[in-house]
Amino acid sequence: MASLRPFLSVSPFSHAPKRTRFANVLNAPSPSVSSLPFKLVAARKRFVVRGDAVVDAGTTASIGDLKDDDDQAVILGPATDEELSGGSSVEYDWTEEWYPLYLTRDVPEDAPLGLTVFDKQLVLYRDGTGELRCHEDRCPHRLAKLSEGQLIDGKLECLYHGWQFEGEGKCVKIPQLPSDAKIPRSACLRTYEVRDSQGVVWVWMSLEKPPTLKKIPWFDNFERPGFRDNSTIHELPYDHSILLENLMDPAHVPISHDRTDFSARREDAQPLGFEVTERTNRGFAGRWGRSKEQSLSNFLRFEAPCVLQNNKEIPNEKGAVDYFTGLFLCRPTGQGKSMLIVRFGSTRSSLLLKLLPSWFIHQNACKVFEQDMGFLSSQNEVLMREKLPTKELYLNLRSSDTWVLEYRRWMDKVGHGMPYYFGHATISLPKLPAVVEHAPVGLVAGASASAPAKGGIGTMHSPNLSNRYFRHIIHCRSCSNVIKSFQTWNKALSAIAVTLVALAILVSGRQWKALILLSAALCYGGAYACSAIVALNTTNFIRTHRRL
């Protein structure tokens, strides 16, 4: 949240030209909210089901048609008949895209890592030369997950029967085969192309078409001299479209994240101005800012399939320009699940960010997502239960929800090329049931190891995306190491304190006894501090009025 400050504050150096507050498309007739429950029932008749897709029949009144003069000024509505019916679709195939898999620095060196894109399960690892490899996460023998296996001399081994595979996916060892038998050609893995770009691992999901390298997103600010960023990764219990909506909604920050740090205060909640400057088949872009500002100084860009960035340029006292970026790389990981890589950075040097340890910044980011989690999870549930496009459920305000409406309209155009989607005027429901993966059980499995591919640290928690430990810690190498270090220090200081107390009982001199007891108290204090830091990094934030 501290890194959001450049996007939420008014800069005295802002010099961008004055712009129109809204694009023409936003000046359209708007819906009425009077008698809303009754009219929503009538609006449901607009949609027919064709297979698993729900499309707009366009025969009865929708919320967008129920308007009066008061609502017209504040609620966004469709500008044209084409937008009312969902617009014209464009050719799109979700597999012919690059998806952000992981932060490069956090990929385990000694174990395979299980990940998903939509319903496709992948295994990511480094081979014997350190090169990143990615395959379908199942053994061709009996479909066991390869991410539950291990690396032996750079080869990926399935721990069910010991089959081993090299980086290209070819099987090189089957222990059960006779010595003179050849390994079947069909005993190979489906391989996905991966690339490391600007510290992020990207995967090309198509097995039919070769990867298009120019589609890998490139972020200019990250290459500027002096640019420093702080990156975190989070697994979240709601759909990636809900996540993207939330990230492109600056209006919620002062309320939902009030006093999380100095950048968010509920009294700062106010109308915002928006201008859509670009619409393409691959996304949209535009400017936004406080409606009181002389210019809209923040620039937002959404790019297919799931990349969102907020940029701001602020002239400094030296006459140069400081560049700020909030980058959000969202990956769909299945129905009601997503994974997010957050990267905040700037060319402006901050003494506070230099002094704060990374684990403290990471836990603050966890707190921010926990503050939104209840809202977004329930929003996900309602969309799945109602089975309606968002125009039948949302009341999008002109002064806060422009990007949300733009995103859902983009989904109308390309959603037919996705496994499932919820658009502004159309939807397509999931064709496959959600996969529910259960935690490993038993003493041995519970105490397996510390990397995400190995099952977590001991029995601290069972896998649960509502828990901070499994949402972030197991995916972040630095935070995992910090937790283990503070746990070790906690045990060591506690043991030293107990030893010192016993020694104080044995010594006879009063001064020595006092000195030893003081040392024991300091050790106990240190142990408590270590325990508190572990709790801070592994315990969810709970709002004051919700605490027992």
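This is a predicted model: local features need pLDDT of at least 70, side-chain atom pairs count only at pLDDT 80 or more; totals for chains, interfaces and linings use all residues.
The side chain of Glu-267 meets that of Arg-259 in a salt bridge, with 2.9 Å from N to O. Arg-259 also forms a salt bridge with Asp-258, where the N to O distance is 2.7 Å. Side chains of opposite charge can pair when their charged atoms come close.

Arg-259 is itself partly exposed, with a relative accessible area of 47%, and Asp-258 is partly exposed at 25%. Arg-259 is found in the loop between helix 6 (253-256) and strand 14 (272-280). The phi angle of Arg-259 is near 65°, a positive value in a residue other than glycine.

## Salt bridges elsewhere

The whole structure contains 20 salt bridges. One of them joins the side chains of Asp-127 and Arg-133, at 3.0 Å from N to O. Asp-127 and Arg-133 are both buried. A network of salt bridges links Asp-127, Glu-131, Arg-133 and Glu-168.

A charged group may also lie over an aromatic ring. The charged end of Arg-224 sits over the ring of Tyr-323, 3.7 Å from the centre of that ring.

## Aromatic pairs

How many aromatic pairs are there? The count comes to 18 aromatic pairs. In one of them, the rings of Trp-94 and Tyr-99 have centres 6.2 Å apart and planes at 70°, so the pair is edge-to-face; an angle over 60 degrees is what places a pair in that class. Trp-94 counts as buried at 10% relative accessibility, and Tyr-99 counts as buried at 2%.

Phe-274 and Trp-403 form an edge-to-face aromatic pair, with 5.4 Å from centre to centre and 85° between the planes. Because Phe-274 lies in strand 14 and Trp-403 in helix 9 (residues 402-414), this pair ties together parts that are 129 residues apart in sequence. Both Phe-274 and Trp-403 are buried. They also belong to one aromatic cluster, which is formed by Tyr-92, Phe-274, Phe-284, Phe-302, Trp-403, Tyr-407 and Trp-410.

## The nonpolar interior

In soluble globular proteins, nonpolar side chains tend to be buried together. The largest nonpolar core here has 74 residues, of which Leu-101, Tyr-102, Val-117, Leu-124, Val-203, Met-248 and Leu-340 touch the most other members. Helix 9 gives the most to this core, with 6 residues. Apart from this core lies another, of 14 residues, among them Val-123, Leu-151, Cys-158 and Phe-165.

Is helix 5 (residues 240-247) largely enclosed or exposed? Of its 8 residues, 8 are buried, so helix 5 is largely enclosed by the rest of the structure.

## Backbone features in loops

A cis peptide bond joins Ala-304 and Pro-305, with omega at about 0°. Pro-305 has its place in the loop between strand 16 (298-303) and strand 17 (307-315).

Phe-118 is found in the loop between strand 4 (113-117) and strand 5 (120-126). The phi angle of Phe-118 is near 55°, which is a positive value in a residue other than glycine. Phe-118 counts as buried, at 3% relative accessibility.

## Helices 12 and 13

Which residues form a nonpolar patch on the surface? Val-498, Val-501, Ile-505, Leu-517 and Tyr-524 do so, and together they have about 450 Å² of accessible area. Helix 12 (477-506) and helix 13 (510-538) each supply at least two residues of the patch, and helix 12 gives the most, with 3 residues. Leu-517 lies in helix 13 and is partly exposed, with a relative accessible area of 40%.

Lys-491 also has its place in helix 12. Lys-491 is exposed, because its relative accessible area of 64% is over the 50% cut-off for that class. Lys-491 and Cys-530 are 39 residues apart in sequence, and their C-alpha atoms are 9.2 Å apart in space.

Definitions and conventions: Residues are numbered from 1 along each chain as its sequence is written. Side-chain values use heavy atoms; hydrogens and water are left out. Patches are made of residues with over 30% relative accessible area and no salt bridge: like charges are joined within 9 Å, nonpolar side chains (Val, Leu, Ile, Met, Phe, Trp, Tyr) within 5 Å. Accessible areas come from the Shrake-Rupley method with a 1.4 Å probe; for residues, only the protein chains shown count as cover. A salt bridge is a side-chain nitrogen of Lys or Arg within 4 Å of a carboxyl oxygen of Asp or Glu. Helices (H or I, at least four residues) and strands (E, at least two) are DSSP runs, numbered from the N terminus. Buried means under 20% relative accessible area, exposed over 50%, partly exposed in between (1.4 Å probe, protein chains only). Rings of Phe, Tyr and Trp (its six-membered ring) pair if their centres lie within 6.5 Å; planes under 30 degrees apart count as stacked, over 60 as edge-to-face and the rest as tilted. A charge sits over a ring if NZ of Lys or CZ of Arg is within 6 Å of the ring centre and within 35 degrees of the ring normal. A nonpolar core is a set of buried Ala, Val, Leu, Ile, Met, Phe, Trp, Tyr and Cys residues joined through side-chain atoms within 4.5 Å.
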